[in-house]
Amino acid sequence: MQKVIETLLIGLSTGSIYALMSLALVLVWRSTRVVNFAQAGQAMLSTYIGFEIASRSEIFWLGLVFAIAAGALVGAGVDYFFMRVLFKHATSGPAAVVAPVIATLGLLGLIRSIVGLTWGGEFKSIEAPASTDGFSVGDGTIPFSDLDVLIIATVSIILIAVAYIFQRTNLGLALRASAYAPEIAQLAGIRTARTRTIGWSIAGAVGGVAGMLVTSNNFLSPYSLDLLLVFGFIAAVIGGLESMVGSVIGALVLGIGLTFILNYVGTSLVFIGGFSVLILVLLIKPDGIMAKGKARRA
Amino acid sequence: MSGLVVNRLSVSHGAIEALRAVSFSVEVGQLAAVIGSNGAGKTTLLRALSGLNNQTSGSAQWNEREILGARPDALVRRGISHVSEGKSVIAELSVKENLILGGIWRSNKSDTSAAIAEVVELFPVLGQRMSQSADSLSGGERQMLAIGRALVSRPKLLLLDEPSLGLAPLVIEQIFATIDQLRRKLGLTVVLVEQNAMSALEIADIGIIINLGEVVASGRASELIDDPALRAAYLGY
């Protein structure tokens, strides 16, 4: 029984980080209809900047603030300098469908090389903001630590903040309206291009947090966030790609599911498990677990 | 002249000219009905006037300032509001959110709240449904919401694209009566695009008949209604 609970807790902590990545991907998909593979690169660049600040100041939270700011800036920059130009030139035909996705892959490679040139390829680590020693329960300890509690708390705060922005502010209404019906949004006086850039910047900021949190428990390298991208993407597909709530639920389900596989079956099956879930969802419920008829959810 | 002055407006969709040298003018406070069959270019005209389509040539001025080439969001700020075809509400948002949307470009939120209160007074049925999703409304209610959203921006020039589309005859009558009341009460200038020629001309001051992208007749609405040649050729009754 104890093993079940500890697996659940660890899964929750892992899944909550996936949730941020998944949310970032969904935010961009909803507003721009682009599966943004560069999200891993954007998060990585933001995390390196956060790492730089955190290691110099020895304050993790200051690093996190900088990672958020960098993520927002990089996200806005990618939309402003790449996506806007791309959509202007590739407006119809197969190019319009494929070009943005290829562009985000290219951008991922580009950011990776820039990061590699600047910081080198070796592993860096950020001092965790809380103890990584597991809690003691009875005679033993469980692998669930203060850091995990902190991760879950941080993710919760970010999710509540994003939900607040989307549901309670005019900016959020503009973001939702522009995603659902760009033309009506435009006719209502919304500057949809600018709104979309803000959406990318929120996604970038959220991705930056994901990068910092993952790294606090692990190492940072130009490739260290690839797994996060893959699992974030699987979670987004489980949630149906459209729904922010779905993306979070999908991520928690995936995190907990994979941790169960890890603890009960073995490390070697974690990947197989993740991708099997992806394929199963695509085959059985391609619109995601949140799909109800044709309705879309906020 | 103040009001809407359209001079030799042409709009192209790629190689196809959807509108050719269309000219007409609408004085402030007038209602102009733009009549024509499917594909005549009516929707294209409204999309050019609200900035959605910028493949234009010629000129269109609203109160002596050019509107062609401006973005829709800029034109909303100049008092031009376009209710696009097919009950243009956002189904995923609540009724209230759809209304707030109409005033979202304002920095002053209390102006929008006041405007929403006025719209709810005009359309009490919306007031009872504020927190429901727009998806749950009937066709007629959706059209009221679409017009209501436009009114929240307190427009001076209202562009209405086929408000009768897909509605039951009785509801169509109500919608036209509402449009007529509204524009008198609020002093609106209205360009109403319709296939439903008779109902539209009945509440209009002037009529503009478009066929295959060109104006084939225009004049006082009452005279157009009585013109036997036009009736037979374009008005279909």
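**Strands, chains and the contact**

Modeller: Let me begin with one pair: H82(B) has L159(B) in β7(B) as its bridge partner. Before more detail, this is a predicted model, where local features need pLDDT of at least 70, side-chain atom pairs count only at pLDDT 80 or more, and totals for chains, interfaces and linings use all residues. Residues are numbered from 1 along each chain as its sequence is written, and chains are lettered from A and ligands numbered from 1 in the order in which they are written.

Biologist: Fine. In which sense do β6(B) and β7 pair, and over how many bridges?

Modeller: Parallel, over 4 bridges, with β7 covering residues 157–161 of chain B. Two strands pair here if DSSP finds at least two bridges between them. The strands themselves are DSSP runs (E, at least two residues), helices are H or I runs of at least four, and both are numbered from the N terminus.

Biologist: What's the strand order in the sheet?

Modeller: The order is β6-β7-β8-β3-β9-β10 in chain B, an open sheet of 6 strands with mixed pairing. At the edges stand β6 (80–83) and β10 (214–220), each with a single partner strand, so one side of each has no neighbour in the sheet. On average, neighbouring strands are turned by 15° against each other, direction ignored. The axes behind that angle are lines fitted to C-alpha atoms, for helices over the stretch in contact, and angles in general run from 0 to 180 degrees between N-to-C directions.

Biologist: And which strands does β9(B) pair with?

Modeller: One is β3 (residues 31–35), parallel over 4 bridges, where V34(B) stands opposite I208(B). The other is β10(B), antiparallel over 6 bridges, and there N211(B) faces E214(B).

Biologist: How many residues sit between β9(B) and β10(B) in the hairpin?

Modeller: There are 2, and L212(B) in the turn has a positive phi of about 45°.

Biologist: Why call β9 largely enclosed?

Modeller: Because 5 of the 6 residues of β9 (206–211) in chain B are buried. Buried means 20 or more other C-beta atoms within 10 Å of the residue's own, exposed means 12 or fewer, and partly exposed is in between, with C-beta atoms placed from the backbone.

Biologist: Zooming out, how many helices and strands does chain B have?

Modeller: Chain B comes to 10 helices and 10 strands. Its radius of gyration is 17 Å, close to the 18 Å that the globule rule gives for 237 residues, so chain B is as compact as a globular protein of that length. That radius is taken over C-alpha atoms, and the rule is 2.2 Å times the number of residues to the power 0.38. Buried residues make up 48% of the chain B total. The C-alpha atoms fill a box of roughly 50 × 40 × 35 Å along the principal axes.

Biologist: Now chain A. What is its make-up?

Modeller: Chain A has 11 helices and 2 strands, running α-α-α-α-β-β-α-α-α-α-α-α-α from the N terminus. Its C-alpha trace spans about 65 × 45 × 35 Å along the principal axes. The radius of gyration is 19 Å, agreeing with the value near 19 Å for a compact globule of 298 residues. Of those 298 residues, 50% count as buried.

Biologist: Where does UniProt put the "transmembrane region" feature in chain A?

Modeller: The unreviewed entry lists several stretches, including 7–29 and 94–115. UniProt positions are in the numbering used here, feature names are shortened, and annotations may be inferred rather than shown by experiment. In the model, residues 7–29 of chain A are 100% helix and 0% strand, with end C-alpha atoms 31 Å apart. Residues 94–115 of chain A are also 100% helix and 0% strand, with 32 Å between the end C-alpha atoms.

Biologist: Is V245(A) buried or partly exposed?

Modeller: Partly exposed, with 16 other C-beta atoms within 10 Å. V245(A) lies in helix α10 (residues 244–264). From V245(A) to M290(A) is 8.2 Å, C-alpha to C-alpha, though they are 45 residues apart in sequence.

Biologist: Last topic: how many residues does each chain bring to the contact?

Modeller: Chain A brings 17 and chain B brings 20, where contact means C-beta atoms, placed from the backbone, within 7 Å. On the chain A side, α6 (170–180) and α7 (182–187) are the elements giving two or more residues, and α6(A) has the largest share, with 6 residues.

Note on methods:
Contact = placed C-beta atoms within 7 Å.
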